[in-house]
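Me: I have a structure open and would like to go through it step by step. Could you help me read it?

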Amino acid sequence: MSSIVWSRFRKSDSDEASFEHSGEKPIQGVLPSEDVGPGGLSFEEDTAGGLGRHLGVMSCTLLIVGRIIGTGIFSTPSSILDGVGSVGASLMLWVLGFVLSFCGLFIWLEFGTMYPRSGGEKVYLEAVYQKPKFLATVVFSANAILLGFTASGCIVFASNILVSAGKVADVWTERGIALGVIFFVTILHGLTPRTGVLVMNVLTIFKIVILVFVVVTGWVVLSGKTHIADPHINFRNAFAGSSHSSNDYATATFKVLNAYSGWSNVNYVLNNVRNPVRTLKIAGPLGLGICAALYLLANIAYFSAASKAEIDASGVTVAALFFKNVFGSVAERALSVFVALSALGNVITVTFAASRVNQELAKEGIPLPFGNKFWASNWPTGKSPLPGLIIHLIPSVIVIIAPPMNVAYPFILDVEGYPQQIINFFIVIGLFWLRWKKPHTHRPFKVWWPLAAFYVVAAVFLLVAPFLRPANGVGDTPPLPYYLYCLVGIGIMVIGVLYWAGWRILLPKVFGYELVPRKETLEDGTVVTLFSGRKFQ
């Protein structure tokens, strides 16, 4: 099967040759593609402004790795084990997450090479679901803006940096540090964009080194040459105690997929990528492959240093227990520094991509407070979208300071995953629809259709299973109902539908006007679609 999948990468050579014979010229290394945005921006208009194409294969690979490797690999294995009940089932879910992520990556590669524009899912939904006009864009906007925060990473940085310093801080000290992180990252990317990319890459390399260290240490433990009494105890009867609840597996799978999330990170910033088609086809599989290998081997390392009973009784993460059992309590404190820096790197990476998505939404003409022209700009430097960063900053600040921590953050983690699965489902359905309606559209990469079909089946399971009653009857966010995060996720998307209806239908009908689009070029070269109301005659 792998030869069939990977052969799709080589298809682009003959496709590019056929374009050369047709007389059409690629634009900056990108093959021509049709206009897909409802705002009507051409490819040249959409990619205008900002720093231009400054990201190469290395930076894009690190952009993916830095987004995927956050704090999940240090904290999530414990909750996965607790949810599914056995080491064997836990490891199988990490493998399943890897397979599903690669299936998703190949689907996003097909879309990304067809439509090499910044925005990711926004662009692909617009290409498929063109009517009603702007509906897909606004629904995606509601999810991207309202759930596009990085509050959890900021809180993890704050709590771990305080632990490493030996301080017992109150809630507001922790929140104050978290606010400092998100404001620092906003200023870093908004005012010094090249420095932001450099810091992002350095922290990503640091995370890779830490996980390689964990993996190598795990090999030494498994060899029996350390003081760990029985490093193989978890692997003899690995599936003993496995859960039989589909809800438990669905919830755990959401957490695994959240730990893998980020394989589509380059798709959000393609306007800034040199030779985007070629770069995407290399950086995507390479970045996800690095993370998948490190994740699976790190889990094996964790489970080699403590028995399942010891993990259950410890009350700490398996990563903390691993460092304590192998190196002592001092190393456990050092882990807090590693987790804090990993969280910081993840916040920097997520924020970089999210700001570009917000800018693309504003450029498309989505109505935002104070007008979308400001939010679409690269003010004040002309090189980086500080307004888009501010859109990302606002919900992050609200989530940091508003809800109670002990219940809110596990719940928020679940809420973020559910609407994204809905979007993913519609995108893969759209892939089949485009294959049927536009079979001759230029595709530099084509995913093998059974992989896409498998992804659909998995997406349906992940959408349905969370509504099934879990084995413990309460889920993992008591006292909140176990199905509440699904309803909240759906509610966010319904808000998008209502916002669209008010903007496109209700207000024009009530006040008797029609929306007339026009394009405007800003001082920094960015082209934006603006709407004005014209009274009916």
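**Ser152 and beyond**

Reply: Ser152 counts as partly exposed because its relative accessibility is 33%, where buried means under 20% relative accessible area, exposed over 50% and partly exposed in between, with a 1.4 Å probe and protein chains only.

Me: Which helix is Ser152 found in?

Reply: Ser152 belongs to helix 9, residues 151-164, where helices are DSSP runs of H or I with at least four residues, strands are runs of E with at least two, and both are numbered from the N terminus.

Me: And what should I know about the model itself?

Reply: This is a predicted model, in which local features need pLDDT of at least 70 and side-chain atom pairs count only at pLDDT 80 or more, while totals for chains, interfaces and linings use all residues. Residues are numbered from 1 along each chain as its sequence is written, and side-chain values use heavy atoms, with hydrogens and water left out.

Me: How far apart are the C-alpha atoms of Ser152 and Val399?

Reply: Their C-alpha atoms are separated by 8.5 Å, although Ser152 and Val399 are 247 residues apart along the chain.

Me: New topic: is Leu321 buried or exposed?

Reply: Leu321 is buried, since its relative accessible area is 6%, and this residue lies in helix 16, residues 318-327.

Me: What is Leu321 in contact with, if I leave aside its neighbours within four places in sequence?

Reply: Leu321 is then in contact with Ala306, Glu310, Ile311, Ser314 and Val316, where contact means heavy atoms within 4.5 Å. The C-alpha atoms of Leu321 and Ser355, in turn, are separated by 37 Å, and these two residues are 34 apart along the chain.

Me: Now the whole protein: how many helices and strands are there?

Reply: The protein has 22 helices and 2 strands, and 56% of its 537 residues count as buried. Along the principal axes, its C-alpha trace spans about 80 × 55 × 45 Å.

Me: Which residues touch the most other members of the largest nonpolar core?

Reply: In that core of 132 residues they are Ile73, Phe74, Ile107, Phe111 and Tyr295, a nonpolar core being a set of buried Ala, Val, Leu, Ile, Met, Phe, Trp, Tyr and Cys residues joined through side-chain atoms within 4.5 Å. Helix 6 (residues 87-114) gives the largest share of this core, with 15 residues.

Me: What about Phe111 in particular?

Reply: Leaving aside neighbours within four places in sequence, Phe111 is in contact with Tyr124, Val128, Ile427, Gly430, Leu431 and Leu434.
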